[in-house]
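Visitor: Could you walk me through the pockets and the metal site of this one? Let's have it on screen before we start.

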Amino acid sequence: MPGARPYDPHLRCCDCGRPEPLKAIFTGCPVCGGTKDRGALEVVYDYDWWRGQDLLGRWAGQTSLWGFRELLPLPFDAQPITLVEGGTPLIQLPSDGPGRLWLKDETRNPTGAHKDRFHAVSASMARYLGFRKVTASTTGNHGFSLAAYAARSELDCLIFCDPRAPTVLRRGIQAYGARVATMNPRREQLEWLVRERGWYPSTGMSPMPIATPFGVEGYKTIAYEIFYQFGQRMPSYVVVPVAVGDILYGPWKGFHELRQLGAAGELPKMVAVQSTGCDPIAQGFRAGAQTVPVHQDPQTIALSIGDETASANTLRTLYDSGGTAETVPDAAIIAAMKRLARSGVIAEPAAAASVAAALAMQARGAIGANEDVVCVCTGGGIKWPDHLSLTVEPHSIEDDDPASVRAWIHSFDREIC
Ligand SMILES: *Cc1c(COP(=O)(O)O)cnc(C)c1O
Ligand SMILES: [Zn+2]
């Protein structure tokens, strides 16, 4: 760990460029923020200085998120809150080509989802900024993860939870010692808690209207890791299941920063994946819009990407990277869950949607023979037992009678060696 950076990171408005010091500011840019779509703040660093320090060379071999601490917002003299997140494997998926499919397996994180990268940074910043209470709204994974990091750091935690979230996640949140309010709608409650009672919102980066710019910084490290896992090379596509959009924008910001640090090669095209039953980003993309419309009646089994709208940064990422928006029907998502499980990874529907999209792109010839496609497998399927059941074949017997069990074994094991 280096002792100092000559310039502290600061905040900057994504829309008007206004700089702000690194501080607790949860309503976006003071000049142009205040609406759902404008004035998201992001953290910026002194890239030229770090390039001069050969940060790219120094980062080789990092095995967890905090190994990239030079470009994370937490001041060097502050203690990070960590459960050892990141450092997830890149696994090649069997495929008939063309191109190669890879899985960035975020299910290996401490609470089984990429969200741990978010809250490790966000909760660390909350504590550094002097907050004792943290809150978030969730369809399941986001709140479960924040509760873990709050437990780790003795922060009080209150989660507003979607009634459709699996019971096991609500129990898990409580097991971590957090409180959970299961209710609809949740945004107004969260806003009240933040504005009136001084809680820290561990929410997305875009004002809707409450936001934190810090968590998305954790997602950048996905890009850093992919770059090193390919031997300091960029893949052609990064395929990401998207809800509000931090998981799309974060890695894109990361790839961009790698270039500013001196990395060669073309940046990957970012692909946003949604279900055909809830596709506001794809609608906005097809219309060439600058802001994401609101989907009136979202319907999908992939609850983690079932949000009715998303941040403007999602579209910006697709346009800037030359990427695209893909939609996949729920049936294709279930098929991808099965396929992943048969290759050793149990993913939840949202996570499997990235693989479903990559397979669809491959099938229609959108992927070149020499291209690498990374699917971000955002969350593990064990936490979503109802969806797991959808992928199960009738491969079991419950019977105490040995003769019945042997008859059952004979039914599929016909060869005696
Ligand atoms: C939250 C979540 C997403 C979407 O992340 P956003 O940053 O909200 O776009 C995708 N997949 C899983 C499993 C999630 O939990
Ligand atoms: Zn602004």
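Visitor: Which residues lie nearest the centre of the second largest pocket?
Guide: A pocket here is an open set of points on a 1 Å grid over the protein atoms alone, where a 1.4 Å probe fits, with protein on both sides within 12 Å along at least five of seven lines; lining residues have an atom within 4 Å of a point. This is a predicted model, where local features need pLDDT of at least 70, side-chain atom pairs count only at pLDDT 80 or more, and totals for chains, interfaces and linings use all residues. Residues are numbered from 1 along each chain as written, chains are lettered from A and ligands numbered from 1 in the order written, and side-chain values use heavy atoms, without hydrogens or water. Of the 17 lining residues, those nearest the centre are Arg12, Glu42, Tyr249, Lys253 and His256.

Visitor: How much space lies in the largest pocket?
Guide: Its lining has 45 residues, with Ser137, Arg186, Arg187, Val244 and Asp307 nearest the centre. Helix 6 gives the most to this lining, with 3 residues. A volume is the space filled by probe spheres set on the points, which are joined across faces, edges and corners. For the largest pocket, that comes to about 1000 Å³.

Visitor: What arrangement do the donor atoms make around the zinc ion (ligand 2)?
Guide: Donors are N, O and S atoms within 2.8 Å of the metal (3.2 Å for Na, K and Ca), and since water is not among the atoms, sites may look incomplete. Here they're the SG atoms of Cys13, Cys16, Cys29 and Cys32, lying 2.3 Å from the zinc. Four donors count as tetrahedral if all angles lie between 85 and 135 degrees. The 4 donor atoms subtend angles of 98 to 121°, so the arrangement is tetrahedral.

Visitor: Is Cys16 buried, partly exposed or exposed?
Guide: Buried means under 20% relative accessible area, exposed over 50%, and partly exposed in between (1.4 Å probe, protein chains only). Cys13 is buried at 3%, and Cys32 is buried at 15%. Cys16 has 40%, so the label is partly exposed.

Visitor: How many disulfides does the structure hold?
Guide: A disulfide needs two cysteine sulfur atoms within 2.5 Å. The sulfur of Cys14 is 6.4 Å from the closest cysteine sulfur, in Cys13, so that's too far for a bond. The count of disulfides in the structure is 0.

Methods:
Helix = DSSP H or I, 4+ residues; strand = E, 2+ residues; numbered from the N terminus. Tetrahedral: all angles 85-135°; square planar, octahedral: opposite > 155°, others 65-115°.
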